[in-house]
Structure formats: C-alpha cells, structure tokens
Amino acid sequence: MVVRLVIGLLMTVVVVAFVGRRAWAIYSLIRSGQPAPDRSQDLPRRLRTQLVEVFGQTRLLKWSVPGLAHFFTFWAFVILLTVYIEAYGALFVPDFAIPLIGHWPALGFLQDTIAVLCLLSLGVFAVIRIRNAPERKERASRFYGSHTGGAWLILFMIFNVLWTLFFFRAASSALGTFPYTSGAWASIGLGNLFTGLSEPALEVVESVGLLLHIGVMLAFLIIVAYSKHLHIFVAPINVSAKRFPKALGPLPVMTSGGKPIDFEDPGEDDVFGRGKIEDFTWKGMLDMATCTECGRCQSQCPAWNTGKPLSPKLVIMDLRDHLMAKAPYLIGGKQMPEEGAIDFAAAGADGAAEGHDRHGVPESGFERVRGSGPDQAARPLVGTAEQGGVIDPDVLWSCTTCGACVEQCPVDIEHVDHIVDMRRHQVLIESEFPSELGALFRNLENKGNPWGQNARNRMDWTKKLGFDVHIFDGELAPEVEYLFWIGCAGAFDDGAQKTVQATAELLHRAGVNYVVLGPEETCTGDPARRSGNEFLFQMLAQQNVEVLNGVFEGREPGTRKIVTTCPHCLNTLGREYPQLDGHYEVVHHTQLLNKLVREGKLVPVAAPEPESSVTYHDPCYLGRHNEIYEDPRALVGAAGAHLSEMPRHADRSMCCGAGGARMWMEERIGQRVNVNRTTEALDTLEGAGGEQGTIAVGCPFCRTMLTDGLTQAQGQGTGENVQVQDVSQLLLAAVKRGADSSA
Ligand code: SF4
Ligand code: SF4
C-alpha cells in the first residue's frame with residue numbers, strides 16, 4: 001500500500017511540475033499578444049456559449065458521425081474525472097469512495113457506459129482516419145497536411161486510459177474494494193475474470209492496474225502539453241473568447257494595442273494589421289494553439305478545392321508553428337536578429353517543403369525554414385520562398401473570404417479575420433498586393449466604384465422601366481418607407497441591372513414607396529476592406545454614412561430602412577457602418593419580396609406546366625455571413641418552380657469565387673472557382689431530369705461569376721438551355737403571369 005502511494009504521488013508531482021512549467025510558458029506566450037479587450041466582455045454570454053458549444057458539443061455535432069464520436073469522447077473526459085478521483089483516493093484508502101455519491105450505482109453505470117461508448121468512438125475515429133488517409137487521398141483528404149502520427153498517438157493514449165481503467169476497476173471489484181456493488185456493469189462483469197486468484201495476488205494486480213491507470217493519464221498529460229494537441233485544454237477557452245455572434249459578417253475594426261486606429265490621425269506607434277506573428281492579439285494566438293488539425297475547414301474551402309495552395313487549416317498551423325518557434329525570442333529573452341540580416345534566398349530556404357508543394361507554391365510555408373534559430377525569428381510573416389515568408393502571397397490572396405472555414409471550425413477559429421489582418425499590413429504598410437488591385441483602388445478612390453464609371457450614369461438602369469424611380473431630393477417624405485440601395489453592380493453591370501430592374505418593378509407593383517440616391521451613391525467599400533485597404537474603406541464608408549445620416553435625419557430607429565439586392569452592400573451597410581455611427585435597418589431584396597408575397601401584396605402564379613428545374617446558389621455574404629437562407633428559397637417556391645438543391649448548399653454552400661475582392665483579381669492557379677460551382681449547378685439540374693433549367697442567384701457578383709461559368713460550359717457543349725437569373729426575376733415572371741391571367 002505504501003509503495004503504491006509513494007510511486008503514485010511521486011509520478012504525479014514530477015508530471016505536474018513539467019506540465020505546470022509548460023502551461024506557464026504557453027500562458028506567457030499567449031499573453032504576449034496584443035490586447036483584445038472585447039474578448040473578455042459580456043461574461044454571462046461567454047459562459048452560456050461555453051455551456052452550449054463545449055458541453056453540448058453543438059459545433060462538432062454539425063458533422064453527425066464524427067460529431068457523435070467526439071461527443072462521447074468529450075463526455076468521457078468529463079465523467080471519467082470521477083474515476084481519477086477514485087483512483088487517487090484508492091492510493092490512500094483501498095476501498096475509497098467519493099463522499100455522498102461514491103456508492104451510487106448510477107454513477108458506476110455512467111462511468112462504465114461512457115467508457116465503453118468512448119472505446120467505440122475510438123473505433124469510429126480510426127475508421128474515419130483510415131478511410132481519409134492523406135497518403136491515399138492526397139489533397140482530397142481533410143487530414144492532408146495534418147500531423148496524422150500525433151493524432152494516432154492520441155487515439156492510442158485514450159485507448160490506454162480506457163483499458164487500464166477497466167483493468168483497475170475489474171481487479172478492485174474482484175478484491176472487494178470497488179465502491180459499486182451494482183451499476184458498474186462492465187467493471188463488475190470483467191472482475192469475474194479474476195475469480196480464483198488469491199487475495200494477495202489480487203492486491204498486486206489491483207495495485208498494478210491502479211498505477212498503470214494513473215501513469216497512462218500522466219504520460220498523456222505530458223504528450224498533450226508538449227505536443228500539437230494542446231487544443232484539448234485550450235479549446236474551451238477559445239470558444240468562450242469567440243467573436244459574437246460568430247466571426248463572420250462584419251470585419252472587426254482595425255485596432256492597435258487594443259484601441260481602434262484613428263485613420264485621420266493615426267498614432268506614431270500604431271501597428272497596422274499583422275506584419276509579424278507578435279502583432280496578433282492574444283485571441284489570435286489562442287486560435288493558433290487551439291487548432292485540432294481536423295481539416296473540416298480545408299474540406300470546405302473553395303480555394304483548396306480548386307487546387308490553390310490556400311488551406312485555412314495550414315494557414316493556422318503555419319502561424320502556430322512559427323509562433324512556437326519564435327517563442328524563445330518573444331518571451332525567452334533570446335536576441336532577435338536585425339531586420340533584413342538574413343538573406344533567405346542565399347540561405348536556401350526550402351522553396352517547396354516536402355510533400356506540400358503544388359504549382360510551385362508551397363502549401364505549408366512554415367516548413368521553408370526549419371527549427372527555432374535566428375532564421376526563424378527573422379523571417380517575414382508574408383513573403384515568397386526567396387523572402388522566406390511563413391505565408392506565401394499566393395496563399396494569402398487566394399482567399400475569397402467566403403467564411404466556409406469559420407462556419408465549420410468546431411473550435412471557433414477566426415480564419416477570415418486573420419487573413420484580412422495580414423492583407424491589411426501588406427496593403428497599408430508594405431504596398432504589396434496583386435497588381436490588378438491597383439486599378440480597383442484607383443477606381444474606388446477617383447470614381448467611387450470598382451468599374452471606374454461616371455457617377456452620372458448611375459441611373460442608366462432605370463431607362464427601360466415603364467415607371468418613374470424617384471431620386472432622393474434632399475428631404476425624405478414621411479410616406480417613403482425604403483431607400484433602395486442600388487450598388488455599383490446594379491448601376492453599372494448589365495446582368496445586375498436586370499436584377500435591380502426586376503426588384504424595382506416588383507416594389508412598384510406592390511405599392512412600396514422608395515427612393516434611390518442616384519449619383520450620390522458610392523461604393524460601400526466592401527472590396528477595399530476585404531482586400532486589406534482599410535484606409536480606402538474608411539474614406540468611402542465615412543462619405544456614405546454622412547450621406548445616409550443626412551437622408552434619415554430625424555427618423556427614429558426602425559424607420560431608417562434600406563433595401564438592397566447586393567449581399568455585400570447588405571453586410572457593409574447594415575453590419576459594418578455601425579462601427580462608423582451609421583445605424584440603419586438593412587434588408588436583402590429577397591427578404592422584402594418574401595414579406596410582400598406573404599402579405600398578399602405580390603401574387604405570383606405558377607406556370608401551368610412546370611417549366612424547368614431551378615437550383616439556387618447561396619451567396620456567401622447572404623448565407624453564411626448573414627444567415628439568410630430561407631427567403632430566397634421561399635420565393636423560388638412561390639414562383640412555382642421546383643427547387644433542386646446542389647450537394648453543397650446553405651451553410652456548406654460553395655463560393656462563386658468573387659468575394660474577398662477576388663472578383664477583381666486574376667485567377668492563375670488551379671481550376672476557376674466559378675467553373676467548379678457552375679459544373680455542380682449543371683449536374684444538379686441534369687440530375688433533376690430537365691433539359692432546361694435555371695441557376696437562381698441572389699447576388700450580382702455570383703450572377704457574373706456563374707454566368708461566366710455557364711458561358712464557358714456552353715462553349716464546351718453543356719448547359720445549352722440553362723440560364724442564370726436572380727430570384728427577383730423568377731418572381732417577377734410569376735407575378736406577371738398572375739396579372740395577365742386576372743386581366
Ligand atoms: S474564407 Fe473561404 S476561401 Fe478563405 S480560407 Fe476560408 S474557406 Fe478558404
Ligand atoms: S476546422 Fe478549425 S480546428 Fe479544424 S483544422 Fe480547421 S482551423 Fe483547425
């Protein structure tokens with residue numbers, strides 16, 4: 001008894017000392033990040049999030065099979081803490097039982113049952129990993145680039161925890177020191193295997209089982225603390241510190257030292273974006289430490305799925321590995337080398353890390369420079385192979401900010417914010433960005449729209465309408481309910497003009513009173529912001545907020561209504577302008593039109609014969625970023641069309657390729673995103689059995705991208721009778737049918 005007590009306590013003290021040292025180092029490293037004061041506010045909400053997301057495992061359960069397996073594993077960790085209390089108690093008192101509940105059969109049942117479910121879950125994880133082995137499936141595997149050896153070790157260690165648990169408990173049951181006489185069905189059942197052993201032999205077996213069970217847990221602790229599997233401990237903290245309601249929709253304001261940057265008079269020491277790993281906030285660093293390498297983000301990423309070097313998982317892993325390698329310089333007192341002291345091209349930085357290179361662009365930039373020597377500390381955060389960059393420019397600029405990664409990440413990592421923050425530094429400080437963006441920035445700055453068109457042409461879309469569209473004339477009449485925000489695409493793009501024309505006609509037919517700004521309208525600044533040009537965004541946004549606040553002057557909250565056909569405008573006007581004191585109620589045209597249909601102000605009539613199938617493409621900034629999924633679908637149904645869903649739809653929808661200012665950049669690597677998405681749409685329509693079909697959209701940029709994709713497909717002989725239309729056009733056709741039949 002004394003021997004096992006001494007061994008058990010000695011092992012524990014040594015491991016606690018090692019793990020405590022490591023925990024302090026990780027804490028110091030993360031605390032060295034920039035402040036993020038907003039992440040410790042609203043504690044009750046953060047506590048609720050903890051309960052729902054961590055204990056309810058809600059985000060993991062989005063993927064049912066692995067989600068359920070993870071659910072059981074997580075709860076095994078929680079419930080089996082009681083077994084460890086019993087184990088440590090048994091070091092001191094052989095027949096120890098937890099006070100009050102220690103002999104309760106229900107607790108014994110729960111412990112055994114969750115342990116068995118966890119064992120089964122390990123089997124599920126093993127099958128998933130074998131079926132998705134990156135060695136076989138390469139980039140199609142979500143584990144491509146993850147540390148699969150480490151993941152197998154973790155599964156093996158959990159297995160060891162479980163078999164030693166049953167070994168110890170079964171021996172204890174046979175010896176008569178087990179706290180439960182019933183309930184712990186598996187342990188008591190296994191205890192029968194020891195029948196026939198003498199009491200001294202059983203005492204030895206039970207002590208061995210007990211020390212093995214404790215020893216395995218302690219070894220597991222060291223592995224977790226000193227490996228890339230830290231997430232087991234930090235994930236719950238990361239989830240609680242998340243951006244509310246989620247890290248999509250509006251981009252956060254640019255801060256330096258935890259305070260918003262004043263772009264009219266920036267401070268001399270202000271840090272613009274993230275140019276070095278230490279520029280990230282502590283929450284950003286916690287994100288890096290939290291990644292489980294599960295690859296859910298990678299599996300959904302449109303850039304990755306079309307052969308680009310960008311994987312959101314590998315970005316986070318690269319940042320984490322660089323942070324850890326640089327830690328001795330950040331918190332360990334090691335001397336940082338002078339900036340530019342190392343010539344990475346001459347030093348022969350691995351241009352292509354082994355097994356992670358396609359198209360000449362490494363997917364894992366961290367591996368270009370190994371170890372934690374001065375080379376590691378001196379390397380730029382973003383840069384080419386010659387520059388020794390951790391994140392390659394082709395990785396950084398491939399992102400469409402579609403948000404699929406953030407949506408799927410089970411531990412609330414904020415990939416889009418980090419990518420845009422790195423872009424901000426590249427644009428504002430380094431002036432390094434794809435050359436095409438130069439034209440975009442010039443057009444936005446000089447003409448107030450990405451196309452460089454004249455503002456006086458902003459009303460051209462109204463020329464073919466059979467009714468008047470009123471322009472705001474300095475005073476908003478009380479009967480005017482909405483400001484119709486046309487957007488640059490609606491004003492200048494041929495396809496998008498059809499959308500705003502259809503919407504205007506529907507509003508006109510429904511008797512909705514609205515005005516437009518006409519030449520006073522300017523780009524909301526979305527493409528500038530998402531490409532990192534925060535300065536230009538602030539300029540455009542301030543101008544718009546000034547105009548809009550003038551339009552709505554004297555109007556109470558709830559009556560400052562804007563309707564727009566562009567999800568990017570919707571997001572910026574409604575959810576980013578409050579950052580500049582612009583507060584409006586902004587709705588997407590599909591939301592307003594659906595309301596008008598439900599109120600009977602628009603009466604669509606289905607065609608007598610169902611004409612063709614329709615598939616609906618969810619725009620990222622309408623769906624994932626703003627969670628508007630149902631209204632456009634309701635309108636497709638109201639128009640009498642049969643909706644066939646694409647395999648990737650709603651929150652797992654595939655991007656069209658235009659977001660994140662990608663609309664204005666060349667797509668030089670891999671397959672074009674719009675072609676990939678159009679193929680999926682055409683396959684869906686073909687599967688629905690129709691010769692004809694419509695790809696319905698709710699965004700002017702999706703419209704352009706899918707129309708281009710369709711044109712290319714038609715050039716190759718497919719999709720002959722397919723068209724791309726905005727949902728409003730489908731509705732207008734149905735409403736006109738109704739009007740014609742009642743005429
Ligand atoms: S936002 Fe979209 S494109 Fe960008 S990394 Fe995430 S999934 Fe990939
Ligand atoms: S989904 Fe989240 S946890 Fe999983 S690999 Fe991506 S970033 Fe890491």
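A residue is near a molecule or strand if its C-beta atom, placed from the backbone, lies within 6 Å of it. This is a predicted model: local features need pLDDT of at least 70, side-chain atom pairs count only at pLDDT 80 or more, and totals for chains, interfaces and linings use all residues. Residues are numbered from 1 along each chain as its sequence is written, while chains are lettered from A and ligands numbered from 1 in the order in which they are written.

**Exercise 1. Describe the shell around ligand 2.**

Step 1. Count the shell: 15 residues surround ligand 2. The closest are Cys 291, Cys 294, Cys 297, Lys 313 and Cys 409.

Step 2. Assign elements (helices are DSSP runs of H or I, at least four residues; strands are runs of E, at least two; both are numbered from the N terminus). α12 (296-300) and α14 (312-330) each supply at least two residues. α14 gives the most, with three.

Step 3. Sort by class (Ala, Val, Leu, Ile, Met, Phe, Trp, Tyr, Cys and Pro are nonpolar; Asp, Glu, Lys and Arg are charged; the others, Gly among them, are polar). The shell around ligand 2 has nine nonpolar, three polar and three charged residues.

**Exercise 2. Do likewise for ligand 1.**

Step 1. Ligand 1 is surrounded by 15 residues, and Cys 301, Pro 312, Cys 399, Cys 402 and Cys 405 are the closest.

Step 2. Two or more residues each come from α13 (302-305), α18 (404-408) and α19 (415-430).

Step 3. The classes are 10 nonpolar, five polar and no charged.

**Exercise 3. Check the length of helix α5.**

Step 1. Take the expected span as 1.5 Å times one less than the number of residues.
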